[in-house]
Amino acid sequence: MPSSEFTPPMINGVSASQVFLDANKSNASTVYEYLCQQFPHIASAEWQQRFKDGLVFTENGEILTTLSAFIANSHVFYYRFLAHEIHVPFEHQILFENDHFIVVDKPHFLTMSPTGQYVQETLLVRLKKQMQIEHLTPIHRLDRETAGVVLISKCVESRGLYQQMFATRQVQKTYHAIAGYREDLSFPMTTQFRMEKGQPFYTMRICSGEANSETQIELLEQHGEWAKYELNPHTGKQHQLRVHLNQLGIPIQNDPFYPTVQHKPEDDFSQPLQLLAKHIEFIDPVTQQAFLFHSTHELTL
């Protein structure tokens, strides 16, 4: 860690990223060259713009330029802003807040944290801007395509207690989904499958072997070829609910990944995945108070 006491401020909801200038990884003569080499997925023009905008600086707060010399074994900070970012036209809602956490109702299509082509258009950055609290951190996550209840940590000191609560499965999560209907399936049922990374890399697949995922499924209502289900995951694998229902031959309505990956335009918000984190229930590890939160969103047949 740098020895300076300089702490970079949050700018427009975005915290500064820190990079160690490692001479063993590069023969760069400037900081700009080093950053381009270490982050090849970021266009050089993007780095040039960040330097031009004064968004790259030393551990002492000195603003750097594209000509600033590489100083081995030092740190630099930079802010990540995207020149072109597609606006997500849906808003989150804060359902509850105390000294330790915030309960948020996340809309469809809003990514949780900065990644890839989204920075400002993420739930975390929107909340940081709204609340002016830099150390907000998701305690658990929902897919970009999934809407519903999510917990955000406000307090660094108690964050681990809430993360452990999820890790040890002391949280009851209930989802609703609109998916296909099959007369030959009997509900309620419990599905158990072994899930592993699939192809493309951002998908999951069912494979042979000992089950590592479990979901309880109940049929709430049915109309024609579609039905509304209540899902209670007992494990937390990536895309678990989507993969389990697809494996049963009843994929969730508007799922862009299962059964087949469909590449839709990033600005197409017309067909949200019909999956909703409807309820979340737990005993607060700090106060021992029982909490039950409900999403205001509803899925309808």
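## Largest pocket

The largest pocket has a volume of about 1600 Å³. On a 1 Å grid over the protein atoms alone, a pocket is an open set of points where a 1.4 Å probe fits, with protein on both sides within 12 Å along at least five of seven lines; its volume is the space filled by probe spheres set on the points, which are joined across faces, edges and corners.

Lining residues, those with an atom within 4 Å of a point, number 50 here, and Leu142, Asp143, Arg144, Gln238 and His239 are the closest to the centre. Helix H4 (159–167), S8, S12 and H5 each give two or more residues to this lining, and S8 gives the most, with four. Helices (H or I, at least four residues) and strands (E, at least two) are DSSP runs numbered from the N terminus.

## Basis of the model

This is a predicted model, in which local features need pLDDT of at least 70 and side-chain atom pairs pLDDT 80 or more, while totals for chains, interfaces and linings use all residues. Residues are numbered from 1 along each chain as its sequence is written, and side-chain values use heavy atoms, without hydrogens and water.
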